[in-house]
Amino acid sequence: MTSAPKSDPQGCYERACAAAEFLRSRSQLEPKIALVLGSGLGSFADQLRDAVRIPYAEIPYFPRSTAEGHAGQLVIGSTQGVAVAAMQGRVHYYEGHPISDVVFPMRAFGRMGIRAAILTNAAGGVNLSYKPGSLVVISDHINLQGVNPLVGENDPRFGVRFIDLSQTYDRALRKLTLDAGKRLGMVLYEGVYAANSGPSYE
C-alpha cells in the first residue's frame, strides 16, 4: 500500500507531475487515451486486459470520489489493443471540492502523455427528439456552473492562459465516433451540453 507524500510540493503542476510519475510506475502500459466513466458505465473498466487497478486514495494528491456508485479507482489497461487510463468514478464540484481538485485528474493525465479524453455522464435533455437512453456526442458546452477551472494563478507549464475553445470537442474525433455508431447501427445524436453545478438529476 502506497500513501501520498507527506510533504506537499509547491504548486498544482508539481502535484500533477507527482501523480503522473506514480501512475507511470504502476503499469508498463503507456496510455494515450483517458476514459472518465460516468454513472452506470464504471463496469467497462472491468473488461480491460492487462489491467492494474489503483484506488484514488493511493495516488498522490488525487481527489477522492464520494458519490454513490462510484468505485473510486483508476484502471490502466487495454481494449482492442489500445492502452487507456479509465476512471471509475470522479469528484464533482457539488461535493464541495474546489474546482482545482475537480480538474486535477486531467492535469495529471496530461503529464502522463495522454492526449485525448472520453468523458461520459448521465444527463437530462431539453431536445424533445432525445429519448431516455439516447447517446449524445457533445459538440460544445455552455458553462452555467458560475466557476471557471482556469481561475487562479496561471502556470504556463500547463499551457496558455486564454485557451482556444473553438475546438474543445475535436471535430475529427466526433466524426470518428458518429461514423462508428453508424457502422454499429446505433442512433447517435450530436448536441451542446449545458453544465450546471448540481447536485440534481433532470
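Predicted model: local features only at pLDDT ≥ 70, side-chain atom pairs only at ≥ 80, totals over all residues.

Biologist: Is Glu58 buried or exposed?

Modeller: Glu58 sits in the loop that links β2 and β3. Its relative accessible area is 11%. The cut-off for burial is under 20%, so Glu58 counts as buried.

Biologist: Moving on to the sheet, which strands stand at its edges?

Modeller: The sheet is open, has 5 strands with mixed pairing, and runs in the order β2-β3-β4-β1-β5. Two of these strands have a single partner each, so one side of each lacks a neighbour in the sheet. Those edge strands are β2 (49-55) and β5 (116-119).

Biologist: And how much does the twist average from one strand to the next?

Modeller: For this open sheet of 5 strands, the strand-to-strand twist averages 20°.

Biologist: In which sense do β1 and β5 pair?

Modeller: Strands pair through backbone hydrogen bonds, in one of two senses. Here Ile33 stands opposite Ala116 in β5. Across 4 bridges, β1 (residues 33-37) and β5 pair in the sense called parallel.

Biologist: What about the helices: at what angle does α3 run to β4?

Modeller: Take α1 (residues 12-26) to begin with: it packs on the sheet, touching β2 and β3 (73-79), and its direction makes about 140° with that of β2. Helix α3 (residues 104-112) lies across β1, β3, β4 (82-88) and β5. Its angle to β4 is about 160°.

Note on methods
Residues numbered from 1 in each chain as written. Heavy atoms only, no water. Pairing = 2+ DSSP bridges. Helix = DSSP H or I, 4+ residues; strand = E, 2+ residues; numbered from the N terminus. Axes fitted to C-alpha atoms, helices over the stretch in contact; angles between N-to-C directions. Contact = heavy atoms within 4.5 Å. Buried < 20%, exposed > 50% of the residue type's maximum accessible area, 1.4 Å probe, protein only.
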